[in-house]
Amino acid sequence: MEKKHMHISYQSDNLAYPEIIIDDETEEEKPKKTLIVIDMQNDFIDGALGTKEAVAIVDNVKKKIKEYADRGDEIIFTQDTHHEGYLWTNEGKHLPVEHCIEGSNGWKIREGLYVEGSPCILKFSFGYTGWKDYDLEDVELVGLCTDICVVSNALIIKALYPEIPVKVDSSCCAGVTPESHEAALQTMKMCQVEIL
Ligand SMILES: [Zn+2]
């Protein structure tokens, strides 16, 4: 049976409504799958802001990265990045614990996780605001922390790409506390992020 292919475009800023294009393509294009690995850095695992829950997800994240890498799917890493004078920044005033200072061991992505050639985004705030440049089609987020940077980026991506599936694997995320991890998963679920 011939399948109609519907394409909804949100790319144009000039349109009041999304452009809906229905064409006669018989072959369904497979969406590009992207794994976004948020801030799997030493300081968030067992460094300045480490938790035992974060340590416990490292192997799961490693497995997940391998699945995407083996299929040849896209993997993007982010790295929380601060500099000298962190304590005087707004984040530093709320969280007076120096972490992820560029170049330090705590700033580095956990050994064995990074896939050579993958983009690595240096992120100076919780949510990255440049996702619109990445042509995302199907996204899964994993990493740290569920309740700060995972939720921030999931919701930014939801806002920029309302028609794509956005998933978060809860076994590959950890929060500042188990309670705030659960609360963030609930918030994302309510915002139609698929929680795996
Ligand atoms: Zn930070």
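Six strands form an open sheet in the order S5-S4-S3-S6-S7-S8, and the pairing is parallel; strands here are DSSP runs (E) of at least two residues, helices are DSSP runs (H or I) of at least four, both numbered from the N terminus, and two strands pair if DSSP finds at least two bridges between them. The edges are taken by S5 (120-123) and S8 (194-195), each with a single partner strand, so one side of each is left without a neighbour in the sheet. S4 and S5 run parallel and are joined by 4 bridges, and Phe-77 stands opposite Cys-120 in S5. The model is a predicted one, in which local features need pLDDT of at least 70 and side-chain atom pairs count only at pLDDT 80 or more, while totals for chains, interfaces and linings use all residues. Residues are numbered from 1 along each chain as its sequence is written.

Two helices pack on this sheet. H4 touches S3, S4, S6 and S7, and its direction makes about 170° with that of S7; H5 touches S7 and S8, at about 175° to the direction of S7. These angles run from 0 to 180 degrees between N-to-C directions, with axes fitted as lines to C-alpha atoms, for helices over the stretch in contact. In the protein as a whole there are 5 helices and 8 strands, running β-β-β-α-α-β-α-β-β-α-β-α-β from the N terminus on.

Buried residues of H4 include Thr-146, Cys-149, Val-150, Asn-153 and Ile-157; a residue is buried if 20 or more other C-beta atoms lie within 10 Å of its own, exposed if 12 or fewer, and partly exposed in between, with C-beta atoms placed from the backbone. The cover over the buried residues of H4 includes S3, S4, S6, S7 and H5.

His-181, Ala-184, Leu-185 and Met-188 are buried, and seen down the axis of H5 they fall within an arc of 100° (taken from the directions from the helix axis to the C-beta atoms), so they line one face of the helix. The face turned away from the buried side carries the exposed residues Glu-179, Gln-186 and Met-190. H4, S7 and S8 are among the elements covering the buried residues of H5. Just after H5, Gln-192 takes a positive phi of about 65°.

In soluble globular proteins, nonpolar side chains tend to be buried together. Leaving aside neighbours within four places in sequence, Ile-38 is in contact (C-beta atoms, placed from the backbone, within 7 Å) with residues including Thr-78, Leu-141, Cys-149 and Val-150.

Val-115 lies in the loop between H3 (90-94) and S5. This residue is partly exposed, with 15 other C-beta atoms within 10 Å. Not counting residues up to four places away in sequence, Val-115 touches Ile-65, Ala-69 and Ile-75.
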